[in-house]
Amino acid sequence: MTTLVEGKHAGGFLIWEAFRDYTRETITVAAGNPEPGTVLGKITASGNYAPHDPAATDGTETAVAVLWGKADASVGAVPAVALIRGPAIVNRHDLVFAGTPSEGEIAAAHAALLEAGILVR
């Protein structure tokens, strides 16, 4: 019997948000191929977004948003929708982090998202 594996769905991480026209915005994803629910940081120099990287020094070390749907920026920057402000509540089990951050780095990212009004449960 064939085993089917279901991937991440756009917005599947979201538990609740106040008003989608307020909490979400179209952003530019700088590079990579992040999936829905990826925690993002904002690159200071360009204003574009990339997966959150606690070891970076370009702005992405601070979590500021969560990618709404898939964004294939493997050949260059692309527009995408992200949850960038609250009030909103997201499921911590559905958030995606690039690499293998420590529990402390994940907790710091959750705290940073809370500053934007995005509560991680």
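1. Salt bridges. A salt bridge is taken here as a side-chain nitrogen of Lys or Arg within 4 Å of a carboxyl oxygen of Asp or Glu. The structure is a predicted model, in which local features need pLDDT of at least 70, side-chain atom pairs count only at pLDDT 80 or more, and totals for chains, interfaces and linings use all residues. Residues are numbered from 1 along each chain as its sequence is written, and side-chain values use heavy atoms, with hydrogens and water left out. Under the salt-bridge rule the count is three.

2. Asp21 and Arg20. These two residues form one of the salt bridges, with 3.9 Å between the closest N and O atoms. Accessibility is classed as buried (under 20% relative accessible area), exposed (over 50%) or partly exposed (in between), using a 1.4 Å probe and protein chains only. Asp21 counts as exposed because its relative accessibility is 71%. Arg20 is likewise exposed, at 55%.

3. Glu17 and Arg24. In this salt bridge the closest N and O atoms are 2.3 Å apart. Glu17 has 14% relative accessibility and therefore counts as buried.

4. Glu25 and Arg85. The closest N and O atoms of this salt bridge lie 2.6 Å apart. The pair links distant parts of the chain, 60 residues apart: Glu25 belongs to strand 2 (residues 24-29), and Arg85 to the loop between strand 6 (78-83) and strand 7. Helices (H or I, at least four residues) and strands (E, at least two) are DSSP runs numbered from the N terminus. Glu25 is partly exposed at 34% relative accessibility, and Arg85 is partly exposed at 21%.

5. The cis peptide. The loop between strand 6 and strand 7 also holds Pro87. The peptide bond from Gly86 to Pro87 is cis, with omega near 15°. Most residues other than glycine have a negative phi, and most peptide bonds are trans.

6. Strand pairing. Two strands are said to pair if DSSP finds at least two bridges between them. Strand 3 runs antiparallel to strand 5, and three bridges join them. Strand 3 also pairs with strand 4 (residues 49-51) in the antiparallel sense, over three bridges. Leu40 stands opposite Ala65 in strand 5 and opposite Pro51 in strand 4. The hairpin of strand 3 and strand 4 has six residues between the strands, and Gly47 in this hairpin takes a positive phi near 85°.

7. Helix 2, geometry. Helix 2 covers residues 103-115, which is 13 residues, and spans 19 Å from its first C-alpha to its last, close to the expected 18 Å. The expected span is 1.5 Å times one less than the number of residues. After the helix comes Gly117, with a positive phi near 90°.

8. Helix 2, burial. Which residues of helix 2 are buried? They are Ile106, Ala109, His110, Ala112 and Leu113. Seen down the axis of helix 2, these buried residues fall within an arc of 160°, so they line one face of the helix. The arc is that of the directions from the helix axis to the C-beta atoms. An α-helix has 3.6 residues a turn, so residues three or four places apart point the same way. Gly104 and Glu115, on the other side of helix 2, are exposed. The cover over the buried residues includes strand 3 (39-42), strand 5 (63-67) and strand 8 (118-120).

9. Leu113. This residue of helix 2 is buried, with a relative accessible area of 0%. Contact means heavy atoms within 4.5 Å. Not counting residues up to four places away in sequence, Leu113 touches Val39, Ala63, Val64, Ala65, Val66, Leu95, Ile118 and Val120. Its C-alpha is separated by 20 Å from that of Lys70, 43 residues away along the chain.

10. Nonpolar cores. A nonpolar core is a set of buried Ala, Val, Leu, Ile, Met, Phe, Trp, Tyr and Cys residues joined through side-chain atoms within 4.5 Å. The largest has 16 residues, and those with the most contacts inside it are Phe13, Leu83, Val90, Leu95 and Leu113. Two or more residues come from each of strand 5, strand 7 (88-90), helix 2 and strand 8. Helix 2 gives the largest share, four residues. A second, separate core has twelve residues, among them Ile27, Val29, Ala65 and Ala80.

11. Phe13. Leaving aside neighbours within four places in sequence, Phe13 is in contact with Gly37, Val66, Leu67, Trp68, Leu83, Val90, Asn91, Asp94 and Leu95.
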